[in-house]
Amino acid sequence: MKVLIVEDDLALASQLEWMLKKKGWDVSCAHSRSEAENKLLNEKPEVVILDLGIPPEPHSPAEGLKLLEFINVELPACKVIVLTGHSEKESIKKAVKEGAFDYVCKPAKPEEILKAVERASLFLSAERELRREGIYTVSFSVEGKSVFKEAREKAVFKVIKQILEETGFNVYQTAKKLATKRENIYYFIKKFGLKRNE
């Protein structure tokens, strides 16, 4: 399993990296939002440990929340564990709204973070098993008056993107998995502006 640690505290990042590698996971680190975005697109981790307070605004959750939104769009199946020293409920609520799988308030023991990663790993295994059975799980938040239309659009986007990524952007295989015509997949690729990540 690939894990990306996004943490500007180098000592904590190093400790977590050592601990996770010892468990046999493929681990890398990023220390800013831009570095994390590059690693997310290139390495496609399955789990991200994300400190909300990262440069250039380490004393605010703003950069972490922007990165969480990016992950939610680019890697919809990824499990994000939020680390936050911003323990106010509003930051945690925003993180959950943007698709966080779990959160741990800092200061946290590395073992506590490890348990969160292990929970994410269990969920990923269960979701893979469900996909083999033809069942896809998606999660997202909707708000406003057009809740049903927005929910439908988000669900379709996430499922299509997820299956395209699984098939290496193979439209034929994606259509087969979704029991639909290739033309429908091409329609959604164009509608959502989906592109193969190089």
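Trainee: Is Phe 101 buried, partly exposed or exposed?
Mentor: This is a predicted model, so treat every value as computed. Phe 101 has 25% relative accessibility, so Phe 101 counts as partly exposed. Phe 123 is also partly exposed, at 46%.

Trainee: How do I read a pair of aromatic rings?
Mentor: Take Phe 101 and Phe 123. Their ring centres are 4.9 Å apart and their planes stand at 70 degrees, so the pair is edge-to-face. Planes over 60 degrees apart get that label.

Trainee: Where in the chain do Phe 101 and Phe 123 lie?
Mentor: Phe 101 sits in the loop between α4 and β5, and Phe 123 in helix α5.

Trainee: Which helices hold Phe 157 and Phe 192?
Mentor: Phe 157 lies in helix α6 and Phe 192 in helix α8, so their pair ties together parts 35 residues apart in sequence. The pair is edge-to-face, with 5.4 Å centre to centre and 75 degrees between the planes. Phe 157 is buried, at 16% relative accessible area. Phe 157 and Phe 192 also belong to one aromatic cluster with Tyr 187 and Phe 188.

Trainee: What is the strand order in the open sheet?
Mentor: Strands of a sheet pair through backbone hydrogen bonds, either parallel or antiparallel. Here five strands run in the order β2-β1-β3-β4-β5, with parallel pairing. The edge strands are β2 and β5. Strands β1 and β2 pair over five bridges. Val 6 has Ala 30 in β2 as its bridge partner.

Terms used:
Residues numbered from 1 in each chain as written. Predicted model: local features only at pLDDT ≥ 70, side-chain atom pairs only at ≥ 80, totals over all residues. Heavy atoms only, no water. Pairing = 2+ DSSP bridges. Helix = DSSP H or I, 4+ residues; strand = E, 2+ residues; numbered from the N terminus. Phe/Tyr/Trp six-rings, centres within 6.5 Å; stacked < 30°, edge-to-face > 60°. Buried < 20%, exposed > 50% of the residue type's maximum accessible area, 1.4 Å probe, protein only.
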